[in-house]
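Here is a short tour to read alongside the structure.

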Amino acid sequence: MVGNNRKGKNDVTIEEMAAFCKKKGFVFPTAEIYSGLAGFFDFGPPGMILKKNIKEAFWEHMVRKRSNILGIDGSLISPFKVWKASGHVDNFVDHLIVCEKCKLQMKAEEFIEDALNIDADGLTDDEIEKIVKENDLRCPKCNSELHIEKPLNLMFSTSVGSGKDAVKAYLRPETAQSIFINFKNIVESQRVKLPFGIAQQGKAFRNEISPRNFLFRTREFEQIEIEFFVHPEKVDDVAGFNEIEDQEINLLTREEQAKENPKEIKVPVKEIASRGNKWQAYFVYLSYVWFLNHGISRDHLRVREHLKEELAHYAKSCFDIEYKFPFGWKEIMGNADRGQYDLKQHAKESKEKLEIYDEESKTKVIPYVASEPSFGVERAFLAFLFEAFEYDEERENNVLHFNPKLAPYKFGVFPLIKDEKLIKIAKEIFNNLNERYNTEYDESGTIGRRYARQDELGTPFCITVDFDSLKDESVTIRDRDTKNQIRVKISEINEIANDLIEGKRRIS
Ligand SMILES: [Zn+2]
């Protein structure tokens, strides 16, 4: 597998990764010429393609190939009532702690986590107040007393329309709710029967108190979420579950998290089912395998069971898939059992019946969301970058060892030197490949410099046209990871190209 057993990648800090991303054009801070806007980023040419490739590969695996999961594309702004019903208006809050003297502001949850090394997610105002008092926590800057502010809602609010007709609305803080509010329309317009899923890929917005760690916590981000609806009495009916139940996953259990030095343990997939439900275990496994198959090493990937006290207001059980970043193990994907919470809430507030007719039992039921795979696109993007990154001492340049399927550019095409005859052939090969794959053409600088440029963008294969090509109608293809080269006929490039990207053929 690409990306395993390399040294040094965890030496790269998040700041160095942000600098590298800017230098190579992957990611820029938003509005940088106006000194930026914290928590917002723009994706440059290679970054935009990498992000698109990640989304497409995940969607393909989780949604497109499954006949019982349908996609939608909902609006970014929705009315107040949606978010009141979902619980976000009342519960989707963070707490701010302010120093009485120097006015230093901190996100309470983070401050408590850093100060006491405990998990502070989901604490109420009173609990935070109590922890700060009991532990006599003080301002890290001036040691004065701290004041806990009223909870701050994380949603960006806006108003739609003007004058007296204006109505309060929010930018969505998650894609999930568009799925629930479209449930009735989907059931009435599509031929669906339980169990089935509705998926959505798109932007979400959260007014985080302290965006940090580059792309890890931003105020605008993208998600792919699936709500998987099942009959409430058949939460564990998964056809074919026995085929995957003994596959191994690294799991950090609740019990382990209570210990001094918690460690993940290898467990079969059915262990997740026994702690959550079978559909949840099934989708956790599908996602876990997807990360492994796209280049994340097993040592850097684990599943973490949520503690009871950190469960979101709607969740019965939740598992995160975590990646080992240089700044610690962090969530790149979640999977919650949301039960009937959302459909019941929206049915109550909208006074619409959000039910489906179940042929087997001949009754109408409110479906149960047994599993909600929730994929953070930017977080996955960051994990793939860290996993791929290596400073190669021998080459004296950085190499991004992306899985060829995710790599922004699949091929680089070069004439050995600027010679008209070589350029002509190289351009023909470039035009031909570029019809199907993002391909880079480069004729400037030494051949070594051009390889280095492609290494830094993660281009897996480089094709060089040399003077022998004029005689033998062949070119050299060089592998990014091994630097091995093979000689192939120009007429065969098309045939070989796809096999190389799919990993069906290797250059050795
Ligand atoms: Zn202070």
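## About the model

Please keep in mind that this is a predicted model.

Most peptide bonds are trans, and most residues other than glycine have a negative phi. A few places here go the other way. Leu 194 and Pro 195 are joined by a cis peptide bond, with omega at about -5°. To find Pro 195, look in the loop that runs between helix 8 (183-189) and strand 12 (196-205).

Two non-glycine residues have a positive phi. Lys 362, at about 55°, sits in the loop between strand 19 (356-358) and strand 20 (363-365). Lys 362 counts as exposed because 7 other C-beta atoms lie within 10 Å, and the cut-off for exposed is 12 or fewer. Glu 396 has a phi of about 60° and belongs to the loop between strand 22 (389-392) and strand 23 (397-400). Glu 396 is exposed too, with 9 other C-beta atoms within 10 Å.

In soluble globular proteins, nonpolar side chains tend to be buried together. The largest nonpolar core in this model has 101 residues, and the members touching the most others are Ile 272, Phe 381 and Phe 384. Both domain 1 (9-89 + 155-388) and domain 3 (409-502) contribute residues, so this core lies between them.

Which residues does Phe 384 contact, apart from its neighbours within four places in sequence? They are Ile 54, Gly 295, Phe 402 and Leu 406. There is also a second, separate core of 10 residues, including Met 106, Ala 120, Ile 128 and Val 132.

Definitions and conventions. Residues numbered from 1 in each chain as written. Predicted model: local features only at pLDDT ≥ 70, side-chain atom pairs only at ≥ 80, totals over all residues. Helix = DSSP H or I, 4+ residues; strand = E, 2+ residues; numbered from the N terminus. Buried ≥ 20, exposed ≤ 12 C-beta atoms within 10 Å, placed from the backbone. Core = buried A, V, L, I, M, F, W, Y, C linked by C-beta atoms within 7 Å. Domains from an automatic or database assignment. Contact = placed C-beta atoms within 7 Å.
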